[in-house]
Amino acid sequence: MKKPAASLVPVSNRHKWYERLNYAVQNFPIRTRLFLITFGIILLFLVIIFCCNSLFLKPYYRINKEQGLKQTLYKISQLDFSDTVVGGYASDELSAKLRYMEEAENIQIIILDDSLGVFYCESDNYIFDKFDRFSGARQWFNNLFAMEPNSKGTGSFSDPIIGTRKNSRTDTTYLSLYAVLPVNINGSDTYYYVLINTPLSAMDDAVAIFNDFALILGIVAMIISGLMSVMLCSHFVEPILQINDATKRMAAMDFSVKLNINSNDELGQLAQSINYLSAQLETKINELSVANEQLKKDIEEKEKIDIMRQELISNVSHELKTPLAIIMGYCEGLQLNVNNEEKDYYCSVIADEAVKMNNLAARLLNVAELESGTYLDLTEFSLAELAEERLKTMSYIFAEHNITTEFKASGDSLINADYGRIEEVFNNLLSNAKHHTPDGGKISVDVHEIPGGVQCNIYNSGSHIPEESLDRIWESFYKVDKARTRKYGGSGLGLKIVSSILDMHGGKYSAVNTEDGVIFGFSLPRVHNENCN
């Protein structure tokens, strides 16, 4: 069998247009791509609205009108037809009810009795001319929909005839319902012939008005979205460009750059981590350089310092290599202009890896510094103020799991300690409390003065720590609950870092089970009032 001609075209030629398009898209700036995506989504939405309106609004409108006519027929069947006046006409009270239906629902109602006499006809008087032209009203009713190809039904109350007809005198198209309505009056069955009309001309006007309004609304929405996308693009792209420039300079061993990104989102956290990493690397490299100069005469000591420096840089580079590679890979994926669903997934992966990189960098550097006996930058500050600030900073994380927080403090709680290290203590303890607090639980922080010091207790509701593990949780890599630790990815270093920092400050620490949770507490020497000038 002969293959189609298209199958004879080389694959490279058939996909050349896609490669060119892909190349062009890759060279667009991120701002341009985000703007085009936003603009294209709104434009597509407008096209869908117009297409649906043009194709489905009229059928939907007619279906609703047909249901309305059937409901009106049912309401008419519930009226009392025995209430008539001389001549067989509907009484004033019954006529008033029928007129109310006509006005409320914009319809016309015509009712004949079983002898084909007019029972009710308020507004469509021209029908009597129709009666004169035919041999009788029944023939007129029977022929009313017989000529309509879109009519349906049998004409009975349970299955009324519904179709369209046109009034040649007024050039108005009506959607009409015809039914034979059985009525029981004083124990005897009789029949009424019901015709209900509703004009369809309003439908075309409504569709046109809706299209005009949708067009105006779409233009306004496109203008507003265009302006907002420009602003949002600048808001998100500028930090990325700054981070890219900073990492390039760090790669060239220039640690003087500082990122000024003050947001609290993932980009802000990444910028803070890079600033912290840059400062720490610069400090360590400078320290190692000075140490090498001072220990030139002592080869053995020089080698030891060189090994420590190499191990530190090697560990940091190794731990950060994987998340950085993933971030770069998914960034390249975003540059390929993936769809919204994939873009959200890519962004979530980048955010997760950025958080992992931040945690890994901070913990590796902390362990290295603590094991190498780093110095403390002592300063006076309020432990209560620091505790309250860290609790507020992490409150949005707690709120995601419906965890309530509470803070209590008394006294000035002044201490002389390394502000950054004590901040790490709070970060680790609050993070540990969050991971072990069930959804809907509670975390509270209480700072108060004790004789000669300041005590801080961090309570979290949840399961207890086994008694045999209370003294071992401060060891490196010790995990009480393996399954639970894996759930949130703990490394077993958090409490070890806490204990090391508190030991360096001469503080005390403990963990105690309560009736419905656990309290992690620590104390530090207090600055006396006479020394606070």
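Select Ser461 and Gly517: Ser461 stands opposite Gly517 in strand E12. E12 covers residues 517-525, and strand E10 covers 453-461. Helices (H or I, at least four residues) and strands (E, at least two) are DSSP runs, numbered from the N terminus. E10 and E12 pair in the antiparallel sense over nine bridges; two strands count as paired if DSSP finds at least two bridges between them.

This is a predicted model, in which local features need pLDDT of at least 70 and side-chain atom pairs count only at pLDDT 80 or more, while totals for chains, interfaces and linings use all residues. Residues are numbered from 1 along each chain as its sequence is written, and side-chain values use heavy atoms, with hydrogens and water left out.

**The sheet**

Now select the whole sheet. It is open and has five strands in the order E7-E9-E10-E12-E11, with mixed pairing. Its edge strands are E7 (404-409) and E11 (508-513), each of which pairs on one side only. From one strand to the next the twist averages 15 degrees. Strands of a sheet pair through backbone hydrogen bonds, either parallel or antiparallel.

Go to E11 and E12. Six bridges join these two strands, which run antiparallel. Pick Tyr509, whose bridge partner in E12 is Phe522.

Next, take E9 (442-450) with E10. Eight bridges join E9 to E10, and the two run antiparallel. Select His448, which stands opposite Gln455 in E10. The hairpin of E9 and E10 has two residues between the strands, and Gly452 there takes a positive phi near 80 degrees.

Is E10 enclosed or open to the outside? Eight of the nine residues of E10 are buried, so this strand is largely enclosed by the rest of the structure. Buried means under 20% relative accessible area, exposed over 50%, and partly exposed in between (1.4 Å probe, protein chains only).

Select H11, residues 383-393. This helix lies across E7, E9, E10 and E12, and runs at about 170 degrees to E7. Axes are lines fitted to C-alpha atoms, for helices over the stretch in contact, and angles run from 0 to 180 degrees between N-to-C directions.

The axes of H11 and H13 come within 10 Å and cross at roughly 45 degrees. That makes H11 oblique to H13, because angles under 35 degrees count as roughly parallel, over 145 as roughly antiparallel, 65 to 115 as roughly perpendicular and the rest as oblique.

**The cores**

Stay with Phe426. Leaving aside its neighbours within four places in sequence, Phe426 is in contact with residues including Leu383, Arg390, Cys456, Ile458 and Phe522.

Which residues have the most contacts inside the largest nonpolar core? They are Leu383, Ile422, Phe426, Phe520 and Phe522, in a core of 37 residues. H13 supplies the largest share of this core, six residues. A nonpolar core is a set of buried Ala, Val, Leu, Ile, Met, Phe, Trp, Tyr and Cys residues joined through side-chain atoms within 4.5 Å. A second, separate core of 25 residues includes Leu73, Ile111, Phe119 and Ala179.

**Helix H15**

Eight of its 11 residues are buried, so H15 is largely enclosed by the rest of the structure. The buried residues include Leu495, Ile497, Val498 and Ile501. Just after H15, Gly506 takes a positive phi of about 75 degrees.

**Two further stops**

Move to Tyr120, in strand E2 (residues 118-121). Tyr120 is buried, with a relative accessible area of 3%. Tyr120 and Ser95 are 25 residues apart in sequence and 7.2 Å apart in space, C-alpha to C-alpha. Beyond its neighbours within four places in sequence, Tyr120 is in contact with residues including Ser95, Leu98, Arg99 and Ile110.

Last, select Leu259, in the loop between H7 (201-251) and H8 (266-294). Leu259 is buried, with a relative accessible area of 10%. Leaving aside its neighbours within four places in sequence, Leu259 is in contact with Gln242, Ile243, Ala246, Ala271, Ile274 and Asn275.

Zoom out to finish. The protein chain has 15 helices and 12 strands, and buried residues make up 37% of its 533 residues.

Key. Contact means heavy atoms within 4.5 Å.
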